[in-house]
Amino acid sequence: MGKKRILDVYRAPFPLYSVRVDPKKGLVVTAGGGGASKTGIKNALLFLDVQLVGAHQYSASLLHSHDTTTRATMNMAVADGVIAAGQDGTCCVMKTQFSKQNQGSKAAANAKSEQQGEVRRRAGKGERSGEDGAAAPEEGSHMKDESVHLSVSTLAELQSDLNPQDPLQKVVRFSPDMSLLLTGGTDGHVRVWEFPSLKKKFDFKAHDGEIEDLDMSPGNKHLVTVARGFSCSIWVGNQWALGLKWTETKPEIPDKTYRYLACRFGKVEDQKDALRLYTVQIPHKRDRKHPPCYVTKWDGKSFLPMLTAPCGTEVISTLAVSDSGTFLGLGTVTGSVAIYITFSLQRLYYVKESHGIVVTDLAFLPDSLNGRNLRGDNETAMLSVAVDSRCQVHAVPNASWFPVWLVLVLCGLMVVGVILLLQHLFPGFF
């Protein structure tokens, strides 16, 4: 598709590291910040109301900004109004609530709206007002009902990484059934808590190095973990089951020239009992030849490799899979965004350097009712955020088809044309 300009739906006053969509509420949550450094860059979670304003165009309004003091949120998991946010070596579990205020309290709510982040603005303008990142409404801005109030409360703070030098949680996931909360970090440990009780269930050393990514299969049967190195492991509970070898599909590639970066389980559309696992492999060391990165599709039950395909020479930075399992999203360190069809691992959509710098996270719009309404007539739509503070929506329009009646008319005209041509060339043929 080549390089083109994608309009920003929102620009934050700080770098963005994570984005998620609440499947039930349809609310977009993005987060980031400047960390503990005293640069004046705040740390916050931003709650956005994203709307489809045309066939393929989106806009966003800031509903609420939740300050996270000196800790930037680097990764998140969101489900049913609950947010698990990775902040340094801590997993902060929060709950969001909506409430409607009556007309008598409306004036008081408006007076506090700047502090609570309820002053809205049309996204993508890039203008800021004040340190809290809230901006005054602009001409043509999409305003929401001011009587709706969003609040965020902390349920618990879990110690998710115990690295003595620089503790950092690198990944957090809810299990598909929301019964477990899983984290991984720089100390190589996987920690699992029961949810919502938050009683710790497992704490085991999964890898010697940092854990880059993890995911849980439906039914909580298998856990897959990716280390910052050459290992990708399958676990049953806290017991190691096997290690994956993606080079079985590419025997010509020498060992230890690529490392695993990310992993995701995905459904198979129209096959209820089928399951797939997707992993991304990037070069262990960069050289002038710019070797390609690879995506591997595995059988999600036998864990046998099914297909490996190159995905360009730009180094991949993040991976996402749609709820239906039909689409796979990739972001790169150079700011490019791509969407692939999981069946064939062929590229369907690509925007070169859509962001100015590394893409930090991706999230497909969910297949829930709110997600489908937001997707509109598009085949799929995916959010991307980056260190450049921008949030974008990448929409893939449905393929255009000729009407059946037009096809029949064209076929009829072709038949008539062939008959007339034969009559002209062979007068005695008919």
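Q: Are Trp 246 and Tyr 294 buried or exposed?
A: In this predicted model, Trp 246 is buried, and Tyr 294 is buried as well. The word is used for a relative accessible area under 20%.

Q: How many aromatic pairs are there by this rule, and what makes Trp 246 and Tyr 294 a tilted one?
A: The count comes to 6 aromatic pairs. In the pair of Trp 246 and Tyr 294, the ring centres are 5.4 Å apart and the planes make an angle of 40 degrees.

Q: Why is the pair of Phe 265 and Phe 303 called edge-to-face?
A: The centres of Phe 265 and Phe 303 are 6.4 Å apart and their planes are 70 degrees apart; because the label edge-to-face applies over 60 degrees, that angle settles the matter. Phe 265 lies in strand S18 and Phe 303 in the loop between S20 and strand S21 (305–310), so the pair ties together parts that are 38 residues apart in sequence.

Q: How do you know that Phe 265 and Phe 303 count as buried?
A: The relative accessibility of Phe 265 is 10% and that of Phe 303 is 5%. Each value is under 20%, so each residue counts as buried.

Q: What makes Arg 347 a charge over the face of Tyr 350?
A: Arg 347 lies over the ring face of Tyr 350, at 4.1 Å from the ring centre. The limit on distance is 6 Å, so this value meets it.

Q: Why is Thr 318 called buried, and what does Thr 318 touch?
A: Thr 318, which lies in strand S22 (residues 316–321), has a relative accessible area of 7%; because this is under 20%, Thr 318 is buried. Leaving aside residues up to four places away in sequence, its contacts include Leu 261, Leu 330, Val 359 and Leu 362.

Q: What makes S10 and S13 edge strands of their sheet?
A: The open sheet has 4 strands in the order S10-S11-S12-S13, with antiparallel pairing. Strand S10 (169–174) and strand S13 (200–205) each have a single partner strand, so one side of each is left without a neighbour in the sheet. From one strand to the next, the twist averages 15 degrees.

Q: How do you know that S10 pairs with strand S11, and S12 with S13?
A: Two strands pair if there are at least two bridges between them. S10 and strand S11 (residues 180–185) run antiparallel and are joined by 5 bridges, with Val 172 opposite Thr 183. Strand S12 (residues 189–194) and S13 also run antiparallel and are joined by 5 bridges, and Arg 191 has Asp 203 as its bridge partner in S13.

Q: Why is Asp 80 called partly exposed and Lys 256 exposed?
A: Asp 80 has a relative accessible area of 37%, which lies between 20% and 50%, so Asp 80 is partly exposed. Lys 256 stands at 61%, and because this is over 50%, Lys 256 is exposed. Asp 80 is in the loop between strand S6 (73–79) and strand S7 (82–87), whereas Lys 256 is in the loop between S17 and S18. Phi is positive in Asp 80, near 55 degrees, and in Lys 256, about 60 degrees. Most residues other than glycine have a negative phi.

Methods:
Residues numbered from 1 in each chain as written. Predicted model: local features only at pLDDT ≥ 70, side-chain atom pairs only at ≥ 80, totals over all residues. Heavy atoms only, no water. Helix = DSSP H or I, 4+ residues; strand = E, 2+ residues; numbered from the N terminus. Axes fitted to C-alpha atoms, helices over the stretch in contact; angles between N-to-C directions. Buried < 20%, exposed > 50% of the residue type's maximum accessible area, 1.4 Å probe, protein only. Contact = heavy atoms within 4.5 Å. Phe/Tyr/Trp six-rings, centres within 6.5 Å; stacked < 30°, edge-to-face > 60°. Lys NZ or Arg CZ within 6 Å of the ring centre and 35° of its normal.
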